[in-house]
Amino acid sequence: MRVNFTVNGRPQEADDVWEGESLLYVLRERMGLPGSKNACEQGECGSCTVRLDGVPVCSCLVAAGQVEGREVTTVEGLADYAKHREDAHPGGGCATGACGTSLQDAQQWKANPKKATDSQTGEGATNPDATLSPIQQAFIDAGAVQCGFCTPGLLIAADEMLEHNPQPTDADIREALSGNLCRCTGYEKILDAVRLAAARQDRQGLQEGAV
Amino acid sequence: MGSTRTTGAPTKITQGSQTKGGIGESTLRPDGTLKVTGEFAYSSDMWHEDMLWGQTLRSTVAHAEIVSIDIAEALAMDGVYAVMTYDDLPAEMKNYGLEIQDTPVLAHGKVRHHGEPVALVAADHPETARRAAAKIVIEYKELPLITDEASATAPDAVLVHEGRTDSHSRHVSHPNIVHRQPIVRGNAAEAAKKADVIVKGEYTFGMQDQAFLGPESGLAVPSEDGGVELYVATQWLHSDLEQIAPVLGLPEEKVRMTLSGVGGAFGGREDISMQIHACLLALRTGKPVKIVYNRFESFFGHVHRHPAKLYYEHGATKDGKLTHMKCKIVLDGGAYASASPAVVGNASSLSVGPYVIEDVDIEAIALYTNNPPCGAMRGFGAVQACFAYEAQMDKLAAKLGMDPVELRQLNAMEQGTLLPTGQVVDSPAPVAEILRRVKARPLPPERQWESSEGADVRQLPGGLSNTTHGEGVVRGVGYAVGIKNVGFSEGFDDYSTAKVRMEVVGGQPVATVHTAMAEVGQGGVTVHAQIARTELGVTQVTIHPADTQVGSAGSSSASRQTYVTGGAVKNSCELVREKVLEIGRRKFGTYHPAWATAELLLEGGKVVTDGGEVLGDLVDVLEGESVEVEAEWRHRPTEPFDLVTGQGNGHVQYSFAAHRAVVEVDTELGLVKVIELAVAQDVGKALNPLSVLGQIQGGTTQGLGVAVMEEIIVDPKTAKVKNPSFTDYLIPTILDTPTIPVDVLELADEHAPYGLRGIGEAPTLSSTPAVLAAIRNATGLELNRTPVRPEHLTGT
């Protein structure tokens, strides 16, 4: 069968799709988008998480035919997705201080700084041309990436949480990411990364509000 | 979260100390950006024009003769390009194995465990390949099962492997014992008479899976010269190569291996999985063949951690001094040897733990059974022993009426202690100190789930299942400490190779580091770049992809890569530096006397004297030149353990970690929530402090997993695996994992590069017994097995 859908903002067409193929398979093997990962292919690990019409789903559990006419965002499109959101709603979604984590909490992050970039070594980031979303940058900076196989799914899930809960408590973060398995990190640095992204988003919102 | 670093005896570093991004800094991963954008190419992401998909057919029974195999229907299916069985193997060599070549590439006349590969299919779609495999008809005639020590060592037991000729077969008492290592020192029976108290225990350790997230996978591409290119996720390219080439009937130079992105390993990629199968299908069809296991197959596609039975006896005087220890450790190696002999060596030589006990009587064995094959997993024999000896310490403390931490500290080994093998611990061993540190840390507040809006069930055992609001919840605190060896032991020639080049690129001095080290997530590539910056005084470092075009780097296991391949990179950089300075002397020596007289360093892209005077720019020195060195590097040699007494300088280095676990247990439902797992670990020198924390927290969490949830269940009646999925084999989620505050000590080991200590495994050891101790403390139950399941706590 043929399936037409939008992937990362671009209309796509997949031909010769067998009815039993998952969205994950079509993305990875037919669209050249292997960023969504295949760790369990049974909906337990979250490594294949994509957004389907904005909702995070395990793409391994979605039949390719189900996405006909719909919009899919994968990790490959996350930076663009975040940029469009920022352009449309500068400073994030939630009024400052209204969503749990206080400004003080966010600033405590500063007391335990992570190196944002290391331009001397060329690692990590800050090539001004590089387009990473805030959550992607935070994962690098906080040391949340080891083998990296869980990372794409976690990024999609964490970004989606921060979209509707920009100032999450630790319990909120744990709940939102409980469908994403990681075997390397023990999750501590992943928590750090989400806190870091939230704190940066909060500061940026404040700065823009002050202008 | 609350991480602290303490420096003991800092390593003196002069060369490179001014160069940014060198060792000791938390520089960021060079592959980080690719990994967060989805562009990093893992082995399962490989794709090739016209590629086929390979599928393995595995045995549905554990022990049986193969009466017949009928492939006709499978071969006739549209889209199927090849079906292969044992009869299609091209070379005389048809087995492989890490140490003992006892594992058939495809089953020959017999299967020895559930899930053993019997046939291969290549087809143009993975589903076609799966369906074709399902059409292959195999007739089995089942054989009696060997499933435990009693059935394996019975005088009339069926032999899992007939006609053994391996080196261990000569000293074992039964052919179903892979290897036996006794260690006898002093006189345990005599010393027992001095004991005021004696405790005995029988402990059971369940079968743990590495559960790396990236499934076994890779792509084999046939070459025009009759060879094959293999892109694969592994822990040791050259070990794979040595096992792959003979069964393909090819010389090693015709099998060109490149490391693809590795989605975690933890020991589970030390053995061959799909490597040979993909190459066979590619050579047979003349087309590229990709194999990707799904999670179900992955549970059959790699070896697991050895489940174990451990029998321990400890004695102590009434003031708490250990008098003696006797133990027997029985490891179930399953159907094939894999790394079992080395696991036995570790389990026996580290069975005493980080304690001083002069009189010991130790025996460790690994069995051949029809259970799933077991081999390397993080902690490698030391994990099982630590679970048992730490339970014994708590029992002993209780019997003596002593504080369990004080008992451990009283008997803690230190630098200069003699191990049961007669080897002297000749580097810092801060066992008492790391225990002190985890104990001194403030405890997390009680009843954290209480809030003005009622109970936050997310903080309680059972979580969002809303099973309790605090009723029946009891807190417990437990401690444990462990010792792990670093590097390959027992006389193994454990070396690594590094090729380092220095040249000017785009007007900048650039170093390129090329090794065959498998980057499996640990951050070796980050550390290699840091070492090159420190040693060569440059900021730009390129890490060449790992492949077999450079010499072996050994395995990414045994906590060894930063030590051994890091050591090799350091060594090659030093040789490059000497050559660069020679060029400088030749070119510019006449301009300044310091070229000949001063000690010269490379700093910030310049040649400087140790007094800080700049003599020249590396760009000028290297103008028109490039310097390259490929060299092997070895750590101190070790010796085998004597097969009768166990004596011998078998180990290279040790790594120590201690944990304090705080748990809350819903005693009515048997649910456990780990509230905090505090760690203190000596790392010698933290080359990358951020990566060090990641290793310690990750290792701790794998230890937590096997304490309360992770176990491959093998039916003792059929030897079949009952839970090969992430639905039924549970690994910790972010909700199961507590905060993990880490206290890092840096006490230099003067024998190691920069004084560093291999760190990856030690935190996996003590995590498990600390959690068990905390649950015992909460419930008062004896709990002699891990993982603990709800029924063990409720008695239902």
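**Close-up views of a predicted two-chain model**

**View 1. Here H4(A) meets H5(A).** A:Ile135, A:Gln136 and A:Phe139 in H4(A) touch A:Thr151, A:Leu155, A:Ala158, A:Asp159 and A:Leu162 in H5(A); contact here is C-beta atoms, placed from the backbone, within 7 Å. By class, that makes five nonpolar, two polar and one charged residues, where Ala, Val, Leu, Ile, Met, Phe, Trp, Tyr, Cys and Pro count as nonpolar, Asp, Glu, Lys and Arg as charged, and the others, Gly among them, as polar. This is a predicted model, where local features need pLDDT of at least 70 and side-chain atom pairs count only at pLDDT 80 or more, while totals for chains, interfaces and linings use all residues. Residues are numbered from 1 along each chain as its sequence is written, with chains lettered from A and ligands numbered from 1 in the order in which they are written.

**View 2. The H4(A) and H5(A) axes.** Helix H4 (residues 134-142) and helix H5 (residues 151-164) of chain A pack at about 125°, axes 9 Å apart. Axes are lines fitted to C-alpha atoms, for helices over the stretch in contact, and angles run from 0 to 180 degrees between N-to-C directions. The pair is therefore oblique: under 35 degrees would be roughly parallel, over 145 roughly antiparallel, 65 to 115 roughly perpendicular, and the rest is oblique. Helices (H or I, at least four residues) and strands (E, at least two) are DSSP runs, numbered from the N terminus.

**View 3. Where chain A touches chain B.** Chain A puts in 53 residues and chain B 57. On the chain A side, H4, H5, helix H6 (170-176) and helix H7 (188-210) each give two or more residues, and H4(A) has the largest share, with four. That side splits into 23 nonpolar, 18 polar and 12 charged residues.

**View 4. Strand E2 of chain B and its partners.** Six of the seven residues of E2(B) (52-58) are buried, so the strand is largely enclosed by the rest of the structure; buried means 20 or more other C-beta atoms within 10 Å of a residue's own, with C-beta atoms placed from the backbone. E2(B) pairs in the parallel sense with E15(B) (289-292) over two bridges, pairing being at least two DSSP bridges. There, B:Leu52 sits opposite B:Val289. Six bridges tie E2(B) to the antiparallel E8(B) (117-123), where B:Thr56 partners B:Leu120.

**View 5. An open sheet, E7-E3-E9, in chain B.** Its three strands pair antiparallel, with E7 (110-111) and E9 (137-142) at the edges. Two bridges join E3(B) (64-70) to E7(B), and B:Glu65 faces B:Lys110.

Notes. Buried ≥ 20, exposed ≤ 12 C-beta atoms within 10 Å, placed from the backbone. Contact = placed C-beta atoms within 7 Å.
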